[in-house]
Amino acid sequence: MCWLRRSTVAATVQPAPPPAADGSSGAEWGTHADWLWRGERCHWRVLGEENYPALVLVHGFAAGSGHWRRNAAVLAAAGWRVYGIDLIGFGASSQPSLRLDNRLWARQLQAFLEQVVQGPAVLVGHSLGGLVALSCAVFFPQLVRAVVAAPLPDPTLLLADSSSPPRRRPWQRRLQRWLVTLLCRLLPLELLVPLIAHSPLLDLGIQSAYSEAVIGDRDLHRLIARPARRPGAVRALRAMSIAMALRPYGATAPALLRRLGRPLLLIWGQRDRLVPVQVAQQVRRLRPELPLTVLTGSGHCPHDEHADAFNAALLQWLDQLPAAETLSGPGR
């Protein structure tokens, strides 16, 4: 074990774990490290030369940085310093009972950019990670060069044509908070999560995010199963369910898209069953100028299912970005 020291940051760093006995090592890309943020352990990894421009990969729901197993090396070879971060509650990061929503994850990403990356970066997010990347770009634009959302999920996008919802009275907000909290606490997650995590139901859930058959992919199963089997998984899932349901309008995708001042690329799987491509059209009703790449035959995980096409589309768009700006503020 060694110590990585960059400016004011010291993080415990470990080399990538050795290949598994079955030879499935693709998800263990890069040099792994731990970083302490607000008392919580955050896992991250990096690949590529230090002098390359920074690009941060942000995973989706139930996944971790290992899900970028087919992208990181290609991006690093193309001249990017590629970081992968495990959001609080996921991957190998802490699983606390904090209010886990895209605002908290955006602040985690902000601190990561300031303290670890130590400069502005391009943010590439898959699904929930796309919403987090968008949130970070809106709340902390000085740290973000551009955003890629592949795809961008948010139920509020189905109401994207409407303006902000009417202001509710205090008693209505309290009632909603009480009802959401009660329903989420009544859900038998202590039974459901272990049942799914230790049974073939997990493989069926993973398969629903893919168009092509992935049952039998040991790397993929492992990177989803490990976090779900940890002791804090139920606690984190319940905290996230409550917090995401109670977000203010300003933290929803329609409001964030209206405020975004950075370039944004949308990448969608044409056969995405979880966030159908029709949602992309709702996004473009709000921001008609946004480029959209639809990958034929791909499901909800285009970066993993059709990695070659995804990487090519991403790199082509990245080549058109203006030069990186200089970060002012903490960490430089």
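These legends describe close-up views of a predicted model. Local features need pLDDT of at least 70, side-chain atom pairs count only at pLDDT 80 or more, and totals for chains, interfaces and linings use all residues. Residues are numbered from 1 along each chain as its sequence is written, and side-chain values use heavy atoms, with hydrogens and water left out.

**View A. Helix α2 crosses helix α3.** Helix α2 spans residues 102-117 and helix α3 spans residues 128-139. Helices are DSSP runs (H or I, at least four residues) and strands are E runs of at least two, numbered from the N terminus. The two axes come within 8 Å and cross at roughly 65°. That makes α2 roughly perpendicular to α3 (65 to 115 degrees). Axes are lines fitted to C-alpha atoms, for helices over the stretch in contact, and angles run from 0 to 180 degrees between N-to-C directions. The crossing is right-handed: the near helix is turned clockwise from the far one by less than a right angle.

**View B. The contact between α2 and α3.** Contact means heavy atoms within 4.5 Å. Helix α2 contributes residues including Trp 105, Leu 109 and Leu 113. Among those from α3 are Leu 131, Cys 136 and Phe 139. The contact residues divide into 10 nonpolar, three polar and one charged. Ala, Val, Leu, Ile, Met, Phe, Trp, Tyr, Cys and Pro count as nonpolar, Asp, Glu, Lys and Arg as charged, and the others, Gly among them, as polar.

**View C. Trp 44 pairs with Phe 112.** Rings of Phe, Tyr and Trp (its six-membered ring) pair if their centres lie within 6.5 Å. The count comes to eight aromatic pairs. Trp 44 and Phe 112 are edge-to-face (planes over 60 degrees apart). Their centres lie 5.7 Å apart, with 70° between the planes. Trp 44 sits in strand β4 (residues 40-47) and Phe 112 in helix α2, 68 residues apart. Trp 44 is buried at 2% relative accessible area, and Phe 112 is buried at 0%. Buried means under 20%, exposed over 50%, partly exposed in between (1.4 Å probe, protein chains only). Trp 35, Trp 44, Tyr 83 and Phe 112 form one aromatic cluster.

**View D. Surroundings of Pro 302.** Pro 302 lies in helix α11 (residues 302-305). Pro 302 is buried, with a relative accessible area of 1%. Pro 302 touches Ala 150, Ile 267, Gly 269, Leu 295, Ala 307 and Phe 310, not counting residues up to four places away in sequence. Arg 271 is 31 residues from Pro 302 in sequence and 9.6 Å away in space, C-alpha to C-alpha.

Methods:
Angles under 35 degrees count as roughly parallel, over 145 as roughly antiparallel, 65 to 115 as roughly perpendicular and the rest as oblique. Rings of Phe, Tyr and Trp (its six-membered ring) pair if their centres lie within 6.5 Å; planes under 30 degrees apart count as stacked, over 60 as edge-to-face and the rest as tilted.
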